[in-house]
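The sequence and the model are shown first.

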Amino acid sequence: MKTDITVIVPIYNVEKYIRKCMDSLLRQTFKNFEVWAVDDGSPDNSKEIVKEYAKKDSRFKLILKENGGYGSVLEYGVQKINTKYFLVCDPDDWLEDTALEKLYNFAESKDLDIAVGDKYNICLETENKKNIKSFQPVLNIEPEKVYTDKADVQKFAFGEVSPHAKLYKTEIARNIQFPHKVSYTDTILYVMSIANAHRVAYLNIPLANYLIDRPGNTMTAQTEAKLRNTIAVWNSMYKQLTNSFDEKEITALIYFLYLESKIVLKTESDLPAKNYSDKYSDDVLEIIKKLQPYKSVLSKYVNNKIEPYNTNSFGGRVFFRGFMSPVLAKIFIKQYIKIERKAEK
């Protein structure tokens, strides 16, 4: 019988956590899946732990590759797996026992390209669970409703972008490109899959557990590397979206890129003053310049003429007008960073 789902587990320096992830996969009530544990040149004992599971269960496969970063693991997986669906489970996280069963049945019953569930956020010390909804009420995304209109499908990009509790149809992700040795590439996977999708739906059940405060977790780091990675991810999404789609097909995703550009700015403002460099402002300026040709598209969202996207909270209309000005953009970028720095003191 052909396997239905591949669970991709990217592995790098997670020997303290990997058993919990693997055990959660062993407990799945859905049985027709395989695990690709892709060791990205990890120097620790993670691979030896995975070998134990592979010996016990033939569905578990250890794949060794040279270090290329999280994106290279995603790229390897989506290009080589041959199952109808795949799911990404980070090795320091774990699934609820019924996660694959519920997501698979949901996707099959509604012929979905992407099925999105909810997750639990968990702190390392307390292990208290907090149910995190994938979508805020302002987006008006109804549970279990299938969305097929392009504008409605693209609303999903404005929810939680992490890979938790998301089942993808493999064919929509085959051609996605991922920069290597760059973090946060799960955003690329989700947004580009949304761009390629025709049928998406939301299952409002928490099915994954996200360990939010693990030491070394990329989401908790505020470093120059985080800024460089965020810029690289933005540029990758911009290039793929604008090269592959007509502007009219991706207007909501262009606005998503605008909001992401402000996250880049916020990340820049978080840098310690001693590490700050005008080079970073120049890199961000290049991002803003790429958005300037889309000023008329973006203005419809920034001016709140399209209700579901009323999420512009990073500087308002004044900064938008400044960012969209070829003459004033650099000045507004620096001013924005100054204001953010003051606000954090």
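## Loop residues with positive phi

Helices (H or I, at least four residues) and strands (E, at least two) are DSSP runs, numbered from the N terminus. On that numbering, Tyr-184 is placed in the loop between strand 8 and helix 6. The model is a predicted one.

Most residues other than glycine have a negative phi. Tyr-184 has a positive phi, near 70°. Buried means under 20% relative accessible area, so Tyr-184, at 14%, counts as buried. The loop between strand 8 (166-169) and helix 6 also holds Lys-181. Phi of Lys-181 is positive too, near 55°. Lys-181 is exposed, because its relative accessible area is 59% and the exposed class begins over 50%.

## Aromatic pairs

The whole structure contains 18 aromatic pairs. In one of them, Tyr-255 and Tyr-258, the ring centres are 6.2 Å apart and the planes meet at 25°, so the pair is stacked; the cut-off for stacking is under 30 degrees. Both residues belong to helix 8 (residues 251-269), where a spacing of 3 residues puts about one helical turn between them. Tyr-255 is buried, at 0% relative accessible area, and Tyr-258 is likewise buried at 0%.

Phe-323 and Tyr-336 make an edge-to-face pair, with 6.1 Å from centre to centre and 65° between the planes. This pair links distant parts of the chain, since Phe-323 is in helix 11 (residues 316-323) and Tyr-336 is in helix 12 (residues 329-344), 13 residues apart. Phe-323 has a relative accessible area of 0% and is buried; Tyr-336 is buried as well, with 2%.

Which residues do ring pairs link into a cluster? The cluster consists of Phe-158, Tyr-255, Phe-256, Tyr-258, Tyr-301 and Phe-320. The stacked pair of Tyr-255 and Tyr-258 thus has both its residues among the cluster members.

## Lysines over tyrosine rings

Two lysine–tyrosine contacts can be described. The charged end of Lys-56 is over the ring of Tyr-53, at 4.4 Å from the ring centre. Lys-166 lies over the face of Tyr-190, and the distance to the ring centre is 4.9 Å.

Helix 10 (residues 295-302) has buried residues at Val-297, Leu-298, Tyr-301 and Val-302. Looking down the axis of helix 10, these buried residues fall within an arc of 130°, so they line one face of the helix. Tyr-301 is also a member of the aromatic cluster.

Ala-329 is part of helix 12. At 1% relative accessibility, Ala-329 is buried. Ala-329 and Glu-286 are 43 residues apart in sequence, and their C-alpha atoms are 10.0 Å apart in space.

Where does Lys-133 lie? Lys-133 is in the loop between strand 7 (129-132) and helix 5 (150-155). Its relative accessible area is 37%, and Lys-133 is therefore partly exposed. Lys-133 and Pro-206 are 73 residues apart along the chain, with 7.9 Å between their C-alpha atoms.

## Cavity

The structure has 1 cavity of 30 Å³ or more. The volume of the largest cavity is about 30 Å³. Its lining is made up of Val-88, Cys-89, Asp-90, Asp-93, Trp-94, Leu-95, His-164, Ala-165 and Ala-208. By class, the lining of the largest cavity has 6 nonpolar, 1 polar and 2 charged residues.

## Second largest pocket

The lining divides into 4 nonpolar, 6 polar and 3 charged residues.

How many residues does helix 7 give to the lining of the second largest pocket? Helix 7 gives 4 residues, the most to this lining. Helix 6 (186-196) and helix 7 (224-244) each contribute at least two residues to the lining.

Definitions and conventions
Residues are numbered from 1 along each chain as its sequence is written. This is a predicted model: local features need pLDDT of at least 70, side-chain atom pairs count only at pLDDT 80 or more; totals for chains, interfaces and linings use all residues. Side-chain values use heavy atoms; hydrogens and water are left out. Ala, Val, Leu, Ile, Met, Phe, Trp, Tyr, Cys and Pro count as nonpolar, Asp, Glu, Lys and Arg as charged, and the others, Gly among them, as polar. Rings of Phe, Tyr and Trp (its six-membered ring) pair if their centres lie within 6.5 Å; planes under 30 degrees apart count as stacked, over 60 as edge-to-face and the rest as tilted. Buried means under 20% relative accessible area, exposed over 50%, partly exposed in between (1.4 Å probe, protein chains only). A charge sits over a ring if NZ of Lys or CZ of Arg is within 6 Å of the ring centre and within 35 degrees of the ring normal. The arc is that of the directions from the helix axis to the C-beta atoms. On a 1 Å grid over the protein atoms alone, a cavity is a set of points where a 1.4 Å probe fits but cannot get out, and a pocket is an open set with protein on both sides within 12 Å along at least five of seven lines; lining residues have an atom within 4 Å of a point. Grid points are joined across faces, edges and corners, and a volume is the space filled by probe spheres set on the points.
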